[in-house]
Amino acid sequence: MANDLAHAAKELGIKYFLISYVDLFGALRAKLVPAAAISGMQKAGAGFAGFATWLDMTPADPDLFAVPDADSLIQLPWKPEIGWLASDLVMNDELVAQAPRNVLKTTIMGADSIGYQMKTGVECEFFLTNPDGTAISDGADNATKPCYDQSALMRRYEVIKEICDSMLALGWGPYQNDHEDANGQFEMNWDFDDALITADRHVFFKFMARSIAEKHGLRATFMPKPFIDLTGSGCHMHTSLWGADGSNLFEDEAGELGLSDIGYNFIGGLIHNAEALCAFTNPTVNSYKRINAPRTVSGATWSPSSVTYTGNNRTHMIRIPDAGRLELRLPDGAANPYLAPAAVLAAGLDGIQNQRDPGKRLDLNMYTDGHKVRGAKKLPLNLLDAIRALEKSSVLRNALGAPLIEGYTKLKTEEWNAYSRHLTQWERDNTLDI
Ligand SMILES: [Mg+2]
């Protein structure tokens, strides 16, 4: 129905299109194109200067074109005269190998060629803050254990309802909304789907939550740890592999906890590649203040620090909540919606192809008894460790391509260096008199 965008504009009353893409740092870029010009743009794409965004390019590079994917069209529920489009980046008539959406599509095609289709569902946690982001927006939201707090949820009903109504109208199948474990923190869930569909929706959800919060005089942030004493914002990823016949390949009644050998090998791959995976699932300096965190005021961080898996127990990196799927609790709100699932798929396929053994399931509370576990790997303590692990990972380099790994690690190392040159108050407090 949306194949001809000019036709779709007439049918749907769209006056402008946002032709958008996500760069290596997860930032959403766009051009606003009048419907009268969309036919040409649909064929040739909208032009951008790649270097001006977070892509490994130079000012001397030729035009970068964002060619819209007509199937991704979403009419903004809060401003229906605008149609949003995800797009694929092209330069010199070739797909850009470092572009996040291209990387995910290539990884999905590779998996498809050997009979695997990944489905994902993401749990996007976010804070509603005041407009400058310095404090949560609701002064009365100050309980020590605020999770599922009905009154705090209802004081933000107008915002949550508008976002949920939007998802209902878009047919995403939203099914629950709640106040999360930190004061000012919320989560909204919609149905899982094919990994590319979920990734596009993940991008749009963040844009939508921010836009609707702004309309209500608030700010929605997906920053992993905006308040140091409060639980951080995760983006837990529920994952399963499906066959071409529509069967869930992770499901096996006879398997331990209803998970198949393929599922356990996939977990083995996530465990084997966990440190490198963090460069994509936990991609900011701030990400490492969520994982490896000390206990928060609510009593638990709800985020992992070790590379372990378990059954229905939220204190580990991987949880098997139910037959036929796993939940990776590693990703945070800053995870790139395309690169995180691409890396998860690559790591999981490595596990299947090399029949990686995930080891024994640990049925213990990692928050209180983690010290008793022998031999489990620890997650990287900071972004630099994760970048270095990614640089060394032949698995992710082979699967996601050298142009992505080289461009990404270069820009992320520059980001780490910029952070390292920043003098903190902690250093002054602890070093001035030494
Ligand atoms: Mg949650």
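Analyst: L257 counts as partly exposed because it has 17 C-beta neighbours inside 10 Å; a residue is buried if 20 or more other C-beta atoms lie within 10 Å of its own, exposed if 12 or fewer, and partly exposed in between, with C-beta atoms placed from the backbone. The model is predicted, and local features need pLDDT of at least 70, side-chain atom pairs count only at pLDDT 80 or more, and totals for chains, interfaces and linings use all residues. Residues are numbered from 1 along each chain as its sequence is written.

L257 is located in the loop between β13 (235-242) and α7 (261-272); helices (H or I, at least four residues) and strands (E, at least two) are DSSP runs, numbered from the N terminus. Its phi is near 60 degrees, a positive value in a residue other than glycine. Most residues other than glycine have a negative phi.

A positive phi is found at N92 as well, where the angle is near 50 degrees. N92 belongs to the loop between β6 (82-91) and β7 (94-95), and it counts as exposed because 10 C-beta neighbours lie inside 10 Å.

The domain assignment places the boundaries at 5-91 for domain 1 and 106-426 for domain 2; such bounds come from an automatic or database domain assignment. The centres of the two domains, taken over C-alpha atoms, are separated by 27 Å. Their contact takes 13 residues from domain 1 and 19 residues from domain 2, where two residues are in contact if their C-beta atoms, placed from the backbone, lie within 7 Å. The side of domain 1 that touches domain 2 has 10 nonpolar, two polar and one charged residues; Ala, Val, Leu, Ile, Met, Phe, Trp, Tyr, Cys and Pro count as nonpolar, Asp, Glu, Lys and Arg as charged, and the others, Gly among them, as polar.

The axes of helix α3 (residues 100-113) and helix α9 (residues 339-353) come within 8 Å and cross at roughly 30 degrees; axes are lines fitted to C-alpha atoms, for helices over the stretch in contact, and angles run from 0 to 180 degrees between N-to-C directions. Helix α3 is therefore roughly parallel to α9, since angles under 35 degrees count as roughly parallel, over 145 as roughly antiparallel, 65 to 115 as roughly perpendicular and the rest as oblique. Among the residues that meet are P100 and V103 in α3, and L339 and P341 in α9. This contact of α3 with α9 has 10 nonpolar, one polar and no charged residues.

Helix α3 and helix α6 (residues 195-215) have axes that come within 10 Å and cross at roughly 165 degrees, and the two are therefore roughly antiparallel. L104, K105 and I108 of α3 meet A195, L196 and A199 of α6. The residues of this contact of α3 with α6 divide into five nonpolar, no polar and one charged.

Helix α5 (residues 157-170) contains E158, which is exposed because 11 C-beta neighbours lie inside 10 Å. E158 and A213 are 55 residues apart in sequence and 9.5 Å apart in space, C-alpha to C-alpha. L170 and Q75 are 95 residues apart in sequence and 8.4 Å apart in space, C-alpha to C-alpha.
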